[in-house]
Amino acid sequence: KKLLMFCAARAYAVEGRPAPENVDQVKNDLSLARNSTFLATLAGIVQEVITPVLPYVISNVGGRLMESTSIPLGQTKEITIHSNDWFVFEDSSWGASRSASLNHLYDDTVTLNPRPYSCRVQIKWFQLVANDHDIGYFYNAIMAGYYNRIMANFTQAVTEISANANYLPDYLKFTTYNSTNWANAVMAVSAANRLPRNQLAAYGTYLALQQVLPKGTPSDAALTYGLGQEWMRNGFLAVVGGVPLFEVEQALLPGTVNTTGQMMFPNDTIIIAGRPGSAYAPIYTGFAEGSPLVVEMNPRETGDMSIYIDCTAVMDTKVVMGSKIAVITNVGGAGA
């Protein structure tokens, strides 16, 4: 009610009218549904309410596998990927070092070029105003859609990594979870990034991480019973072989929440990577500086007094593989 009163007062002031005395006066003033000052003020406040929440939404995408950065609007940003190779020492003799092979380090760059992603929302004036509808309902729907868009870009980048041998050589690909594959994946990532095992982390959905509980052999069964309390608390082990596990929060594909409930991120995949600060994040997203989410409200001459809300997010997601990761697929077997 305070929001409506404030926006109406701004609109009336432009026209030289006194501020409204009560909210009923605002509800009964149908001209406000087409008043550009009223709608612009309302959109500006909605944007100011949503913007502080964006970092929380962004930080939840991909666990810690995605790094975010800001880019001035209309510009691009180059991410420099330093060479992950190392120099080779060869057999030699005193004074003959010049005959050794010449080593080079080649840097690479990835360019982030934010582009707009938009959604359009239709709200009926009487639904929003006359019936005292909670506008937070729309805030939540906007943020959920924003999260899903970033999550879709992140998932697409993960798929790109898995399909590109330059990003993911065969020695870093594993099928199904078992103790041998886990050990080999951990050792491969540790060696490729020159990181100790305690500087690695594993990421996956709740369903994928449940598969790390030992099972299948008598000794595994004994171990399982010993870990029962932690298993019941977390649904998965917090640390496996010195490598902590982090959950990637799932998201539903748009349009499936009331039908098939199709999940966006693969539930049969675990990714092992260097911890933030010790290695490059494999995926970067650049957001336009200022307000990364622009909200506009526009009136339409319709019989139900509709308002159209146009939301635009400006961002770009790219694979940045300066550090190597391992991917374990088909975790839990078919149908996971």
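A: Let's start with a term: a residue counts as exposed when its relative accessible area is over 50%, as buried when that area is under 20%, and as partly exposed in between. Keep in mind that this is a predicted model.

Q: Thanks! Is Arg120 buried or exposed?

A: Arg120 has a relative accessibility of 53%, so Arg120 counts as exposed.

Q: Which side chain does Arg120 meet in a salt bridge?

A: In general, we look for a side-chain nitrogen of Lys or Arg within 4 Å of a carboxyl oxygen of Asp or Glu. Here Arg120 pairs with Asp310, at 2.7 Å from N to O.

Q: How many salt bridges does the structure hold?

A: There are 6 salt bridges. Another of them joins Asp316 to Arg115, with the closest N and O atoms 3.0 Å apart. This pair also links distant parts of the chain: Asp316 sits in strand S12 (residues 306-319) and Arg115 in strand S4 (residues 115-124), 201 residues apart.

Q: Why does Asp316 count as buried, and why does Arg115 count as partly exposed?

A: Asp316 counts as buried because its relative accessibility is 2%. For Arg115 the value is 41%, so Arg115 counts as partly exposed.

Q: Which residue forms a salt bridge with Lys173?

A: That partner is Asp170, and the closest N and O atoms of the two are 3.9 Å apart. Lys173 is partly exposed because its relative accessibility is 34%, while Asp170, at 64%, counts as exposed. Salt bridges can also share partners, and in this way Glu15, Arg17 and Asp29 are joined into one network.

Q: Now for helices. What should helix H3 span?

A: The general idea is to multiply 1.5 Å by one less than the number of residues. Helix H3 covers residues 36-50, so its 15 residues should span 21 Å; the end C-alpha atoms are 21 Å apart, which agrees.

Q: Which residue caps the N-terminal end of H3?

A: Asn35 does, with a side-chain oxygen 3.0 Å from the backbone nitrogen of Thr37.

Q: And which residues in H3 are buried?

A: First, the general idea: an α-helix has 3.6 residues a turn, so residues three or four places apart point the same way. In H3, the buried residues are Phe38, Leu39, Thr41, Leu42, Ala43, Val46, Gln47 and Ile50.

Notes: Residues numbered from 1 in each chain as written. Predicted model: local features only at pLDDT ≥ 70, side-chain atom pairs only at ≥ 80, totals over all residues. Heavy atoms only, no water. Helix = DSSP H or I, 4+ residues; strand = E, 2+ residues; numbered from the N terminus. Buried < 20%, exposed > 50% of the residue type's maximum accessible area, 1.4 Å probe, protein only. Polar contact = N/O pair within 3.5 Å; in protein donor to acceptor, adjacent residues only side chain to side chain.
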